[in-house]
Amino acid sequence: MGRKKPSSESTPENTPKTTKEWIQVIVALIAAIATIAAALIAIIPVLMGDPPATLTTPTVSIPSTSTQAQNTLTGKMPPTNSDQFSVTQFYKPTQHMGDRGDINISGVGNSNNPILFTYSAYGNGPHEWDYKYVNKEINPNPARFAGIMFIDSAGPGGTDPNNGFDLSAYKTIKWEARSIQDSVDVKFVIGGVTWVWDEQTKERVSAPYPDSIKSSILMCEPTLTAEWQSFEYDISGFTPDMLQHVVGVFGWTIDWGDNNIISITNPDASIVPENPRNLIIEIRNIYYDKAAIANSARKNCGS
């Protein structure tokens, strides 16, 4: 008998993959690469030590209203017998941002009793910012900034159906500020209270009763000194819908980088300030005014 010819059937080990199987392999590889990329994107800003450009809001677990309902919200009407709307009469500095444990407040905000804000830049928690969670785990590192937003609700801004005023009749925001002890670089902001943290999912969700100013607006970033400075910010160009439900009526942020506070990374990867110090500012007489800025050439704040 002659020798048998080798079988033409391939064994499982050397069976070539079909086109469908190759596609499945490629799809699996792409999914793995996307997962790794997402993790890197989330953690790189934290490792680089850069605070977020946007503001954050306190946390709450609450369902969102429909987008249509959010777009039609109208706030409470302010008193009609005055051309000025006193922010400190109707709003309070209760929304803390960044390294909340570093913030202390006293005073009421008028000429005789300005509000005194002390930011002790040590990086103490709790921390409320865009990177509070990384991969759904609490991020222990400091935000490297702190801030305050004036809101008119006891809970987080944007979660109370009765929060917000309709300030569409006003054209200018006015206030006075100074620093105590050393000069302080500060950013003055309005609006942007549109989301909250859902503590169950560790994700950002839309606030059910959000700010009509959809993104935080930087009014100016002066260097405050011991002398009182007067500021005005022109809002006459805002469309009425931007001001019909103002939740974050006025706020400020102070960050390490602007004030030459250097962050260092310890061997355990924790981040701390190399040269912590107190940054102290006072603010008073915060008003929305129906009168436009007299000097039309000056549209941003400044004395």
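# Questions about a predicted fold

Reader: Where is Q181 placed?

Author: Q181 sits in the loop between β9 (172-180) and β10 (184-185). Those strand names are DSSP runs (E, at least two residues), numbered from the N terminus, while helices are runs of H or I with at least four residues. One thing before we go on: this is a predicted model, where local features need pLDDT of at least 70, side-chain atom pairs count only at pLDDT 80 or more, and totals for chains, interfaces and linings use all residues. Residues are numbered from 1 along each chain as its sequence is written, and side-chain values use heavy atoms, with hydrogens and water left out.

Reader: Why is Q181 called exposed?

Author: Its relative accessible area is 62%. Exposed means over 50%, buried means under 20%, and partly exposed is in between (1.4 Å probe, protein chains only), so Q181 counts as exposed. Q181 also has a positive phi of about 70°, although it isn't a glycine. Most residues other than glycine have a negative phi.

Reader: What makes N260 exposed?

Author: N260 comes in at 59% relative accessibility, so it passes the cut-off for exposed. You'll find N260 in the loop between β17 and β18 (263-265). N260 isn't a glycine either, and its phi is positive, at about 60°.

Reader: Which peptide bond is cis?

Author: The one that joins G125 and P126, with omega about 5°. Most peptide bonds are trans. P126 lies in the loop between β4 (115-120) and β5 (127-128).

Reader: Why is the pair of F150 and F250 called edge-to-face?

Author: Rings of Phe, Tyr and Trp (its six-membered ring) pair if their centres lie within 6.5 Å; planes under 30 degrees apart count as stacked, over 60 as edge-to-face and the rest as tilted. The centres of the F150 and F250 rings are 5.9 Å apart and their planes stand at 65°, so this is an edge-to-face pair. F150 is in strand β8 (residues 145-151) and F250 is in strand β17 (residues 250-255), 100 residues apart, and the pair links distant parts of the chain. Both F150 and F250 are buried.

Reader: How many aromatic pairs are there in the whole structure?

Author: The search finds 17. One of them is F85 with Y91, edge-to-face at 6.2 Å centre to centre, with 75° between the planes. F85 and Y91 are both buried. They also belong to an aromatic cluster, along with F90, F165, Y170 and Y288.

Reader: How do you know which charge sits over the ring of F165?

Author: The test asks for NZ of Lys or CZ of Arg within 6 Å of the ring centre and within 35 degrees of the ring normal. The charged end of K76 sits over the F165 ring, 4.5 Å from its centre. Elsewhere, R204 lies over the face of W195, at 3.7 Å from the ring centre.

Reader: Why is strand β2 described as largely enclosed?

Author: Strand β2 (residues 92-99) has eight residues and six are buried, so the rest of the structure largely encloses it. Strand β16 (residues 229-234) is mostly covered too, with five of its six residues buried.

Reader: What makes β2 and β8 a pair?

Author: Two strands pair if DSSP finds at least two bridges between them. β2 and β8 have five bridges, in the antiparallel sense, and M97 stands opposite G147 in β8. β2 and β5 pair over two bridges, again antiparallel. There, G98 stands opposite E128 in β5, and the bridge partner of D99 is H127.

Reader: Why are β5 and β14 called edge strands?

Author: Six strands form an open sheet in the order β5-β2-β8-β17-β11-β14, with antiparallel pairing. β5 and β14 (217-220) each pair on one side only.

Reader: How many helices and strands does the protein chain have?

Author: Three helices and 20 strands. Of the 303 residues in the protein chain, 44% are buried. Contact means heavy atoms within 4.5 Å; among contacts between residues at least 6 apart in sequence, 81% join residues at least 24 apart.
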